Each structure stands twice: as structure tokens, then as C-alpha cells.
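Biologist: I'm new to this one. Can you take me through it?
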Amino acid sequence: MEQKALEDCVTETITFTFSRSGGPGGQNVNKLNTRVTSRLKIGELSILSETEKERIRRRLKNRITRDDCLVIHVQEQRSQAQNRERAIQRMIVLITNALKKKRNRIATQPTAESRKKRLYGKKKRGMIKKQRKIVLNEEREI
């Protein structure tokens with residue numbers, strides 16, 4: 001799948017709502033709606049196959065609402081336009097990262113040096129514990 005095609009599809013299907021944001025900005029924060037909430041219906045992404053949509057739903061399940069919308073809030077900038085652009089970019093990054101296939105870890109044998117280190121650590125720990133024991137008077141040489 002092509003990155004540009006995904007960007008075009010996302011920008012076509014995304015919807016925005018605006019609200020007042022917190023943070024720096026003085027009166028600008030109190031008067032203007034600069035916070036952007038972007039919603040993207042996963043089912044409306046026509047460029048993706050059903051398996052890709054399911055992968056997105058599974059990987060981003062904590063960010064997707066019951067009505068199948070991926071929701072992102074942005075209020076970093078003082079400008080509504082800049083926040084809108086940030087929201088689009090975040091949405092694209094989230095989707096592309098969710099679509100990437102994870103590489104399986106190949107199990108390897110521990111090296112000889114790591115085995116030696118582990119056994120040395122166990123022996124050292126055992127010696128520490130052995131030294132904590134209470135010695136009876138009968139065993140001491142006086």
C-alpha cells in the first residue's frame with residue numbers, strides 16, 4: 001500500500017470538531033476554539049482490505065470507540081489550522097504503525113559466557129546466604 005494514497009484516503013474521511021483548549025495562549029485560549037478532535041471511521045477507509053482494518057482495530061483498540069471511530073485530540077498549538085495538521089499526521093502515523101507486521105523473535109541458546117555468569121551469580125548469592133546462618137557454640141573452636 002502506498003503512503004500517499006493512505007494520506008489522501010485519511011484526509012477525505014476524517015471529520016473534525018473544535019473546542020476551547022487549555023495551556024498557554026492567554027486570552028486566545030479563552031476566546032477561540034483551537035483544540036481539535038479528529039474522528040476517523042475505520043470502516044470507511046476504502047483503500048484498506050478487511051484484514052488490514054481488523055489489524056488496525058486490534059492494535060489500536062484502546063483508541064477506537066464503540067462506533068468504530070479512531071479519535072485523536074490535539075491542543076499543542078495556538079492555531080486551529082496547525083492543530084488540524086498535527087491531528088492528520090498523528091492519525092497517519094498511528095495507522096501506518098498499526099499496519100506494520102511485527103517480526104517474530106527467533107529464540108536463541110544462551111551463550112557459554114552468559115551461563116557462566118548466571119552460575120557465578122547463583123554461587124555468590126548462596127555464599128551470602130550461607131554466611132547469614134547462626135553458628136552454634138558447639139561448632140566453634142574456643
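Modeller: What follows covers cysteines, a helix pair and aromatic rings in a predicted model.

Biologist: How many disulfides does the structure hold?
Modeller: The count is 0. C9 is in no disulfide, and the nearest cysteine sulfur to its own, that of C69, is 14 Å away.

Biologist: Is C9 buried or exposed? And C69, buried or exposed?
Modeller: C9 has a relative accessible area of 7%, so it is buried. C69 is buried as well, at 5% relative accessibility.

Biologist: New topic. At what angle do helix 3 and helix 4 pack?
Modeller: About 105°, and the axes are 9 Å apart. Helix 3 is therefore roughly perpendicular to helix 4.

Biologist: How many aromatic pairs does a search of the whole structure find?
Modeller: The search finds 1. F16 and F18 form it, with 6.4 Å centre to centre and 15° between the planes, and the pair is stacked.

Biologist: What is the accessibility of F16, and of F18?
Modeller: F16 has a relative accessible area of 25%, so it counts as partly exposed. F18, at 32% relative accessibility, is also partly exposed.

Key. Residues are numbered from 1 along each chain as its sequence is written. This is a predicted model: local features need pLDDT of at least 70, side-chain atom pairs count only at pLDDT 80 or more; totals for chains, interfaces and linings use all residues. Side-chain values use heavy atoms; hydrogens and water are left out. A disulfide is a pair of cysteine sulfur atoms within 2.5 Å. Buried means under 20% relative accessible area, exposed over 50%, partly exposed in between (1.4 Å probe, protein chains only). Axes are lines fitted to C-alpha atoms, for helices over the stretch in contact, and angles run from 0 to 180 degrees between N-to-C directions. Helices (H or I, at least four residues) and strands (E, at least two) are DSSP runs, numbered from the N terminus. Angles under 35 degrees count as roughly parallel, over 145 as roughly antiparallel, 65 to 115 as roughly perpendicular and the rest as oblique. Rings of Phe, Tyr and Trp (its six-membered ring) pair if their centres lie within 6.5 Å; planes under 30 degrees apart count as stacked, over 60 as edge-to-face and the rest as tilted.
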